[in-house]
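Colleague: Can you walk me through this model? I'd like the surface and the helix packing.

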Amino acid sequence: MYKKWIYPILSFVVLIILWEILTILYQVPIYVLPRPSQIGAALFTDWHNLFKHSLTTLLEAVIGLILAAILAFFIAILMDLSKGLKLAFYPHLVVSQTIPVLVLGPIFTIWFGFGITPKIMMVILMCFFPIVVAFVDGLAQVDIKKITLLETYGASKKQIYTTLKFPEAMPSFFSGLKIAATYCVSGAIVGEWLSASSGLGYYMIRAKNSFLLDKVFASIICIILLSLALNAIVSLIQKQLIKKRMIRRV
């Protein structure tokens with residue numbers, strides 16, 4: 001079991017050591033590629049600013065993720081209830097993912113101003129699709145024989161969903177939610193690049209304009225940590241629901 005963790009950790013440490021040695025040997029300037037030790041120093045010396053901006057990004061990402069999950073949950077149910085609705089709108093959902101997010105950013109800013117709303121809209125746009133697609137597929141894969149059996153006992157649509165479809169399809173919902181949890185921070189960052197006065201995206205732009213690449217890399221580490229933390233929280237919620245037998249194990 002320990003091999004699952006020890007090999008990635010060892011390869012990561014080797015990579016960091018090589019990075020440090022090569023940047024020293026070739027005297028790579030900090031504005032081209034900072035050394036890992038310089039990135040660590042930036043994390044340590046500027047932690048209060050990074051923490052403040054991380055909170056802003058986290059707030060935008062979490063609100064957007066929750067709204068995307070709620071929206072995806074109900075739209076997936078509507079599509080499962082009505083095959084016509086699914087045939088009418090599912091292709092549009094797929095096509096919507098071909099639109100570059102950066103193109104929509106300025107439009108959201110015009111529509112919703114320079115506050116937190118356009119960032120949340122960017123997060124919703126990036127998170128909605130993986131959740132709704134996974135949940136629609138999960139609902140469609142529920143065994144039709146089980147549904148027919150419940151119907152012969154006179155179960156209503158509500159009872160079929162609460163006793164059979166939701167418990168069996170929720171692992172698919174959580175699979176989409178875990179993917180979305182890793183996207184949501186990136187969505188907030190993209191929104192902050194376009195218009196913001198705080199957040200890690202705003203911090204990165206300011207650091208980049210000053211050629212302080214050690215701070216840019218430090219903010220990237222914060223983004224990775226936030227994404228991993230949100231993914232871990234979603235996994236934890238899923239495990240708790242499995243323990244309480246509210247959803248089936250995958």
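Modeller: First, a term. Patches are built from residues with over 30% relative accessible area and no salt bridge, joining like charges within 9 Å and nonpolar side chains (Val, Leu, Ile, Met, Phe, Trp, Tyr) within 5 Å. A salt bridge puts a side-chain nitrogen of Lys or Arg within 4 Å of a carboxyl oxygen of Asp or Glu. Areas are Shrake-Rupley values with a 1.4 Å probe, and for residues only the protein chains shown count as cover.

Colleague: What should I know about the model itself?

Modeller: The model is predicted, so local features need pLDDT of at least 70 and side-chain atom pairs 80 or more, while totals for chains, interfaces and linings use all residues. Numbering starts from 1 along each chain, and side-chain values use heavy atoms, without hydrogens or water.

Colleague: Which residues make the nonpolar surface patch?

Modeller: Among them are Trp 5, Phe 12, Val 13 and Tyr 26. The patch is about 1200 Å². Val 13 sits in helix H1, residues 3–25.

Colleague: Is Val 13 partly exposed or buried, and why?

Modeller: Partly exposed, because its relative accessibility is 39%. Buried means under 20%, exposed over 50%, and partly exposed lies in between.

Colleague: New topic. How many helices and strands?

Modeller: The protein chain has 10 helices and 0 strands. These are DSSP runs: helices (H or I) of at least four residues, strands (E) of at least two, numbered from the N terminus.

Colleague: How much of the chain is buried?

Modeller: Buried residues are 38% of the 250. The C-alpha trace spans about 75 × 50 × 30 Å along its principal axes.

Methods: Buried < 20%, exposed > 50% of the residue type's maximum accessible area, 1.4 Å probe, protein only.
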